[in-house]
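We will go from one stop to the next.

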Amino acid sequence: MITISQLSKQYHGKTVLDVPELTLEDGQLVGLVGNNGAGKTTMMRLMLDLIRATSGSVSIDGARVDEDPIWKYSTGSFLDASFLIDFYTPEEFFAFIAEAYSIAPEELSRRLAQYETLMSGEILGTKKMIHDFSNGNRQKIGIIGAMLVNPRVLILDEPFNYLDPSSQIVVAKLIRRMNRELGTTVLVSSHNLNSISDICDRILLLDKGRLLMDKVHVPGEEDAELEAYFLDAAGR
Amino acid sequence: MTTLKTLLRLFFRQFSKERKREFIAIFVLVAYFWFIEIFSILKAGAAEKMSPSTAGTVLLVVLLLDFFLKLIQQHDNTVMDAFLKTRPIPQKLWNRFLRLSHCWEPLNLMFPLGLLPIWFFTLPFGRALLMFVASYLFSVAGGIVVMRLKRRGPYAPEKAKVHKTHDSALTGRVRMGSVGLQVKALLRSKRLMVSGLLLSASFYFYFLARVADGRSSRDAMLLVFLCVFSSLATQYGFSMEARFFNGLWTKPFPVRRLLEDKYAFSGFLTVLGGLLALPVFLFYHIPLWVLWSRMIFVAGLAPLAFLVKPFVCVPYDPFNPAHFNSAGRTQGTFNVAALLSFILMALAIALIHAFLPSDTQEYLLTGLGVAGFLARKPFFAWVERCFLRERHLYMDKYNGQ
């Protein structure tokens, strides 16, 4: 369970995030949407203790992330390229993650096999450094790196960026499967409302750092209220 | 239309905002040169004694050194950044700007400024001024020549450049954890690796020449040689890791382990260096105890000096060649805190060498090395605590905020 309490972040006196209370229950698949500058990435960075909160706190399973690093053992995350060791080959990168999470080599091979469809033969065995892959394949490596540890909490920022339509579908299925089979609590952000609507059972809408909507959602269904918000924002 | 004035304004804005540390580092080094030169000149009483031919020889040697240093250190800065490439900037204008920018490049200023005391203490004023101007002009010209030598083709940035990995037996055997991270960071950054090898080779041959000359094998050159790779492995390692520190931080990967593994890797490199120096000791019948004591000292204590402030670093990107991309440039020179630690350590060694009898030196160096080894865990725990207290400030800097 992720609990946010009186969380705010300011840059140079300007508030970029202000969320008084929010709880993500175990096993929920939550989508985070909002336009540029809404505070989605800031919220995720605070959840991962990458930046200091101006006030308030984030707790995962009851432990504050900025005080107790226990959350790292049960959390998988991928926000951007700074999560990749780009002078490693994908095999080396996955082996590095496996060692950090004490995953045995045989188990690593078994888990990697689950992502073969996503990798579509373009990632393993190429002897290339991650730096030399296309943005799309780098994105896939980062997502697999986060999911590989079978986390109890999975945090992904814009996972559908750079991916071709087929890979977007595969990633969406993988996230949904992990959530169903392992009961992983997932927080996934996207600019693309359709991608979020397809898989999430709860959607949060951020607007200029504030939580504007928090809705229960039926995966696969369109949400008229959210669509109206974005249409309205486009016309503003 | 973009003008030369616009490009120069951009250049100086970048200088004042992002490359200040690089300039400071060069000036610290120049000040160090001055101290050594003035101290040596005064000690030798050589003021106003250099003949024109000697001055010419010194100039030639230094210019050659300056040129080779640029061949190693100067990276290709002729590639236009994407934000310039996509605008109408004539190639002629860009070339003029590149040539002009060499007048302020720190690498082109280092030697001419560093040599000032030698000229002004040993030559008449007019000739000294002439030597300074000549060294500066030759250094700038050398910089431009190296730039032309290293220049890529006009469409190089657009080409998909593939860096194939060359897994040596060494990298194949290491585990994939943090030590693997250290080894691969060094092996896959060509610039870092070549710099380290050339620096080591030059110190090695200097040490060899001094021993062959019949000078004391106990001088600091052996220690400097042993320290080179240790220094690179410890200082640059964090600059490489700063680029993906977000990924490390969100995994159960203790910061202390990064430090401990850097210490282990540095020790491994010191042993390699010691093995390279061993034939010299055997050939010239120098007591091996001299080598062992220095190896123990460098392996045990030196990395602690280099790791006093390891997290104060600029992310180093070994892949990005664009002109205005300054990431890693400062670190491409050195970490000021580590340099100061190194100078302090060198001074301590000089004092030990000057005032203590031979055997006592060996005992003391061994003792200090062992003490460093024993103190490493509490030391790293302290460094980790310091980092954790200020981690968000460091991480903001790594993320460019």
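Which residues have the most contacts inside the largest nonpolar core? Select Met47(A), Phe93(A) and Phe225(B), which have the most contacts inside this core of 129 residues. A nonpolar core here is a set of buried Ala, Val, Leu, Ile, Met, Phe, Trp, Tyr and Cys residues joined through C-beta atoms within 7 Å. Buried means that 20 or more other C-beta atoms lie within 10 Å of the residue's own, with exposed at 12 or fewer, partly exposed in between, and C-beta atoms placed from the backbone.

A word on the model: it is predicted, with local features needing pLDDT of at least 70 and side-chain atom pairs counting only at pLDDT 80 or more, while totals for chains, interfaces and linings use all residues. Residues are numbered from 1 along each chain as its sequence is written, and chains are lettered from A and ligands numbered from 1 in the order in which they are written.

Now colour helix H12 (residues 220-242) of chain B, which gives the core its largest share, 15 residues. Helices (H or I, at least four residues) and strands (E, at least two) are DSSP runs, numbered from the N terminus. Apart from this core lies another, of 10 residues, including Phe111(B), Leu115(B), Ile118(B) and Ala128(B).

Go back to Met47(A). Leaving aside neighbours within four places in sequence, Met47(A) is in contact (C-beta atoms, placed from the backbone, within 7 Å) with Ile2(A), Val58(A), Val65(A) and Ile155(A).

Next, select helix H1 (residues 40-47) of chain A: 8 of its 8 residues are buried, so H1(A) is largely enclosed by the rest of the structure. Just after H1(A), Asp49(A) takes a positive phi of about 60°.

For the last stop, show helix H15 (residues 288-300) and helix H19 (residues 358-389) of chain B, whose axes come within 7 Å and cross at roughly 30°. That makes H15(B) roughly parallel to H19(B); angles under 35 degrees count as roughly parallel, over 145 as roughly antiparallel, 65 to 115 as roughly perpendicular and the rest as oblique. The axes are lines fitted to C-alpha atoms, for helices over the stretch in contact, and angles run from 0 to 180 degrees between N-to-C directions. Show side chains here: Trp289(B) and Phe297(B) are among the H15(B) residues at this contact, and Leu365(B) and Phe373(B) are among those of H19(B).

How values were computed: Two residues are in contact if their C-beta atoms, placed from the backbone, lie within 7 Å.
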